[in-house]
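Visitor: I have the sequence and the model open beside me, and I would like to go through some side-chain contacts. Could you guide me?

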Amino acid sequence: MMNCVANGHEIVALANLKPSAVSGQDELDSYMYQTVGHDAIDLYSECMALPLYRREISGSSVSQGADYQLTQDDEVEDLLELLKDVQHEQFDAHICGEGGEFETFTLDCPIFVKRIVIDKMELVIHSDDAVAVVAYMKITKAHTEDKGSNEVHMSAEVCRRLLANPMSDTIEDQPRDQT
């Protein structure tokens with residue numbers, strides 16, 4: 001999301017696909033989507049003071065080829081329907097993500113007006129494979145809290161400078177535009 005802001009986009013809404021409530025699963029092992037952390041994703045909406053649109057994943061990975069075509073009951077169609085919902089509510093929406101898949105759950109970042117605090121979590125073993133155990137963190141209780149007055153909401157220019165040199169310790173270390 002910081003890349004979106006740094007590249008001049010205004011984030012007007014958040015969208016998330018989640019496991020179906022009837023599935024009883026947190027991690028779907030989807031071909032397209034990471035679902036871990038979905039149970040606390042609503043806190044991003046509060047942290048960014050933006051609306052959140054959600055939809056359950058009802059399809060499965062029917063089409064797995066390199067050239068995707070409209071495919072009935074494919075999980076990609078769930079994303080299309082979610083984005084149609086967002087576009088219906090928001091004008092000029094733009095889609096962005098982490099290469100199409102979100103695998104992290106951010107607790108705080110410069111574009112948040114609040115931070116997320118995890119109060120309780122549990123480790124869930126998704127696959128107890130002898131070679132490589134697959135586990136994920138399930139957030140069972142979390143809340144948001146206001147940031148201190150010294151914690152500044154960053155502008156697009158500051159985001160660009162931080163992204164250009166992520167190893168820098170301070171904003172002052174970032175190169176300044178000479179324009």
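Visitor: Is E145 buried, exposed or partly exposed, and what is its relative accessible area?

Guide: This is a predicted model, in which local features need pLDDT of at least 70 and side-chain atom pairs count only at pLDDT 80 or more, while totals for chains, interfaces and linings use all residues. Residues are numbered from 1 along each chain as its sequence is written, and side-chain values use heavy atoms, with hydrogens and water left out. Buried means under 20% relative accessible area and exposed over 50%, with partly exposed in between (1.4 Å probe, protein chains only). E145 therefore counts as partly exposed, its relative accessible area being 33%.

Visitor: Which residue forms a salt bridge with E145, the closest N and O atoms being 3.5 Å apart?

Guide: A salt bridge requires a side-chain nitrogen of Lys or Arg within 4 Å of a carboxyl oxygen of Asp or Glu. The partner lies in strand β3 and E145 in strand β4, so the pair ties together parts that are 30 residues apart in sequence. At 17% relative accessibility the partner counts as buried, and with its closest N and O atoms 3.5 Å from those of E145, this residue is R115.

Visitor: How far apart are the closest N and O atoms of K114 and D146?

Guide: K114, at 23% relative accessibility, counts as partly exposed, whereas D146, at 57%, counts as exposed. K114 forms a salt bridge with D146, and the closest N and O atoms are apart by 3.8 Å.

Definitions and conventions
Helix = DSSP H or I, 4+ residues; strand = E, 2+ residues; numbered from the N terminus.
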